[in-house]
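Me: I have some questions about the words used for this protein. Please set each value against its definition.

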Amino acid sequence: MERKTNLTDELQAALDNCEGIEASLTKEQKMLSDSAAEQNSLQRTIDISDPGQLSRMTTLLTISAVGSARRTYRHGENATAQTALIAAASKFAKDHLATRCRQLEARVRANVEKKLKPHFADTDALQSAASQATELAALAQIQSRIVITDYSSGGAIGRSKVLLDAWSAADAFEAKYLS
């Protein structure tokens, strides 16, 4: 049996992955910084006959030795995750959100023209009046979010959130104007 997934799931998963890696990088950076400061302090005051201090120094030296290579690896993971997020955002915007907005626009335009038709004999005048409808102006606000302008490191996460918010806004729009 095939599971029907929410169209936002792939983008949300890529976004969650990027945010998780960035949070992890921030946490690791703080730990490395704190460990380096503690190691420098302990080097000046260590009692090498104290097993507890030796154990702590061993831990700090291990963190120091492994930390840099680990950060390099994690930054590579982050770059890969950002690339996947950009691809997911682009696919979502083009294949799902833009298509949905076009369908909503067609449905709303048909409803508006149906309401306005008794007042306008001329087809061009009817279409012009329909284009000024508040419903279409509200939808235009959602459609403006589809254009992705920034894919820099922080921008990919931000733009993905904007796209997911636009999807939610389209849900609210559909409930308000088309139900």
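Me: Where does glutamine 29 lie?

Reply: Glutamine 29 lies in helix α1. A helix here is a DSSP run of H or I with at least four residues, a strand is a run of E with at least two, and both are numbered from the N terminus.

Me: What should I know about the model before going on?

Reply: This is a predicted model, in which local features need pLDDT of at least 70 and side-chain atom pairs count only at pLDDT 80 or more, while totals for chains, interfaces and linings use all residues. Residues are numbered from 1 along each chain as its sequence is written, and side-chain values use heavy atoms, with hydrogens and water left out.

Me: Why is glutamine 29 called partly exposed?

Reply: Buried means under 20% relative accessible area, exposed means over 50%, and partly exposed is in between (1.4 Å probe, protein chains only). Glutamine 29 has 39% relative accessibility, so it counts as partly exposed.

Me: What makes glutamine 39 count as buried?

Reply: Its relative accessibility is 10%, so glutamine 39 counts as buried. Glutamine 39 is also in helix α1, which covers residues 9-45.

Me: Which residues does glutamine 39 touch, not counting those up to four places away in sequence?

Reply: Glutamine 39 touches Met57, Leu60, Leu61 and Ser64. Contact means heavy atoms within 4.5 Å.

Me: How do you know whether threonine 80 is buried or exposed?

Reply: Threonine 80 has a relative accessible area of 54%, and therefore it is exposed. This residue lies in helix α2, residues 51-116.

Me: Why is alanine 121 called exposed?

Reply: The relative accessible area of alanine 121 is 86%, so the residue is exposed. Alanine 121 is found in the loop between α2 and α3. From its C-alpha atom to that of threonine 62 the separation is 82 Å, and the two are 59 residues apart along the chain.

Me: Which residues of helix α3 are buried?

Reply: In α3, residues 123-131, the buried ones are Leu126, Ala129 and Ala130. They cover an arc of only 100° around the axis, so they are on the same side of α3. The arc is that of the directions from the helix axis to the C-beta atoms. The cover over the buried residues of α3 includes α2 and α4.

Me: What about helix α4: which residues are buried there?

Reply: Helix α4, residues 134-143, has Glu135, Leu136, Leu139 and Ile142 buried. Seen down the axis of α4, these buried residues fall within an arc of 105°, so they line one face of the helix. Thr134 and Gln141 are exposed on the other side of α4.

Me: How many helices and strands does the protein chain have?

Reply: The protein chain has five helices and zero strands. From the N terminus on, the order is α-α-α-α-α.

Me: What share of the chain is buried?

Reply: Buried residues make up 30% of the 179 residues.
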